[in-house]
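These are my notebook entries from going through this chain, kept in the order in which I looked things up.

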Amino acid sequence: MLSFAKKLISVLAGMMVFVSASAVLAAESDASLKWWQKTSVYQIYPKSFADINGDGISDLQGITEHLDHIKDLGCGAIWITPVYPSPMVDNGYDIADYKGIDPSYGTMKDFDKLVAEAGKRNIRIVMDLVFNHSSDQHAWFRESKQSRTNPKADWYIWRDAKPDGSAPTNWRGIFGGSAWTWCEERQQYYLHTFASQQPDLNWENPEVRKALYDAALFWLNKGVGGFRIDAITYIKKPEFRDGKPDGEDGMSSIHFMTANTPGILDFLHEFKREVYEGKDIFTVGEANGVAPEDLPKWVGSQGVFDMVFEFSHMNLALKNGEIWCRYTKWKLPELKNALTASQKMTANNGWCPVFFENHDQPRCVNHFFPQGADTRKAAKVIATVLLTLRGTPFIYEGQELGYTNVAWPSIDNYNDISSHGQYKIALEEGFTPEQAMKFVHYFSRDNARTPMQWNTGLNAGFSSGKPWLPVHDDYLAVNTLTESEDPGSVLSWYKTMAEFRRSHKELTEGSYEELLPEDEQVFAFARTSGKRRLVTVANFSLREAKLPDGFMKGKSILMSSEPGGDATVLRPLEARVYRDK
Ligand code: NOJ
């Protein structure tokens, strides 16, 4: 009872700034939009969410127990990164059985229970399909590698060595090192876009495609609400030829050689026809290498997915490729341009996911803001932008609490396979170990993978055993219990903004228009539906930002992440939403 009262106080406190808007709180969402366009999606990294059995690794039961946390954030779907049986070389993105549950996460019964319990709360479970590659421990690969003539011989991508015995091409895999690995049994190389334990499947083989579609149908029959489709832009391989070396190692990034190769959409149209066309679920493809201008072919009425994760706003520092030590600096207008480009390309046809974090990215408060920023304020800026842009907002676990990056002293402290590869590349490119660690601190995927912090108890309430990755040392202040009792917390702001989104149909159905595109401090945009128009302004800088003369004309403030202050001046890291007449 007490905690309910506290919750209520916190929600009311967050709403105080927009009492004048109470008349629009009851607005209905547009009936023509699908369910997944009117909700937000919560992403769970299943190793790090909540561990019930005390083995240090989260489990499906832990997700089921915390469904109300997700419900309170206004999310109607949960994307769970892979929970299939896996040797976990890449934490589940190396699948050994497409139709099972890894015992470390529980059983199929636990999965069914999760779907049912989530369903009671109007939440649907979204599975991660990893169809570009499997694990090298999958029965298909174990058979394929035995000979050049076995029934699965052509299920993966096998090529002879060059005459000098070297790999068929000079392609560098995304985790570093050659994208080819020699197989003694077959006396051939096999291709892997990622780690050598993740051999690429041969989509040219119709039997392979059929087996993958069959796996997807298996999960649809279990009642899942959609799919996130991993690394899908790499499934079509081009001619196997060397690329221009782009680094000290004489190799050429496989990403630039194979991503989004012509012919890929034929495969994907077939996938859509055979598996999900016309079903009441959503699909979101991970589409590295798809530029905003390609979006009409990928989403919308002629497209293959409902949405794709397009990464131009996430990759601003890595415009030159995926090598961390070659990062470049960027300015706010570039971020705004990138977001605006995908908003525009999906304005009349298609839909986009809105996201600032996932399990492959550093924490957004470190990524998108200057060093030294108050990360709590920065987190509220992101929440305000995320929940007022057009598209389906994706909230990654911990983002709603204002999680920050970790900075562990040695590369040996890191589990993430790509951090190890990138550390090695930095050393090869002449950086000192200290400098190489700086890149790891900034970009490591482990930043996003530390355990969820639920309370101030042992291991932040994540596990009674030793967590597989250390809990962030800020957990006494940053955890769901403490934050849910504090009306000024990041979590309370997420809940307030989620409610604000739900109650303003401009934010789901409205158009998007960028304002002040040249401004280097402020991201400003309008969302308009009929006569109703909301304007978001967010100061991403550590300095006050004066709004241009006349900007405030006709506007009244509904929401502010830092209430009070001057109407025409945004404080550092302040975000507001105005009603515009
Ligand atoms: C993209 C996933 O998001 C990432 O975590 C994984 O390592 C690669 N694909 C390989 O599956």
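I began with the burial of α16 and found the helix mostly covered, with eleven of its 13 residues buried. I noted that this is a predicted model, and I read the entries below with that in mind. The buried residues I listed for α16 are Val490, Leu491, Ser492, Trp493, Tyr494, Lys495, Thr496, Met497, Ala498, Phe500 and Arg501. I then checked the length of α16, which runs over residues 490-502 and reaches 18 Å from its first C-alpha to its last, close to the 18 Å expected at 1.5 Å a residue.

Next I looked up the nonpolar cores. The largest has 151 residues, and those with the most contacts inside it are Phe227, Phe271, Trp298 and Phe540. Helix α6, residues 206-221, gives the most to this core, with eight residues. I also recorded a second, separate core of 16 residues, which includes Ile157, Trp171, Ile174 and Ala195.

I followed up Phe540 and, leaving aside its neighbours within four places in sequence, found it in contact with residues including Leu332, Leu335, Phe368, Phe369, Pro370, Gln521, Phe523 and Leu573.

My last entry concerns Phe462, which lies in the loop between α14 (433-443) and α15 (480-484).

Definitions and conventions: Residues are numbered from 1 along each chain as its sequence is written. This is a predicted model: local features need pLDDT of at least 70, side-chain atom pairs count only at pLDDT 80 or more; totals for chains, interfaces and linings use all residues. Side-chain values use heavy atoms; hydrogens and water are left out. Helices (H or I, at least four residues) and strands (E, at least two) are DSSP runs, numbered from the N terminus. The expected span of a helix is 1.5 Å times one less than its number of residues. Buried means under 20% relative accessible area, exposed over 50%, partly exposed in between (1.4 Å probe, protein chains only). A nonpolar core is a set of buried Ala, Val, Leu, Ile, Met, Phe, Trp, Tyr and Cys residues joined through side-chain atoms within 4.5 Å. Contact means heavy atoms within 4.5 Å.
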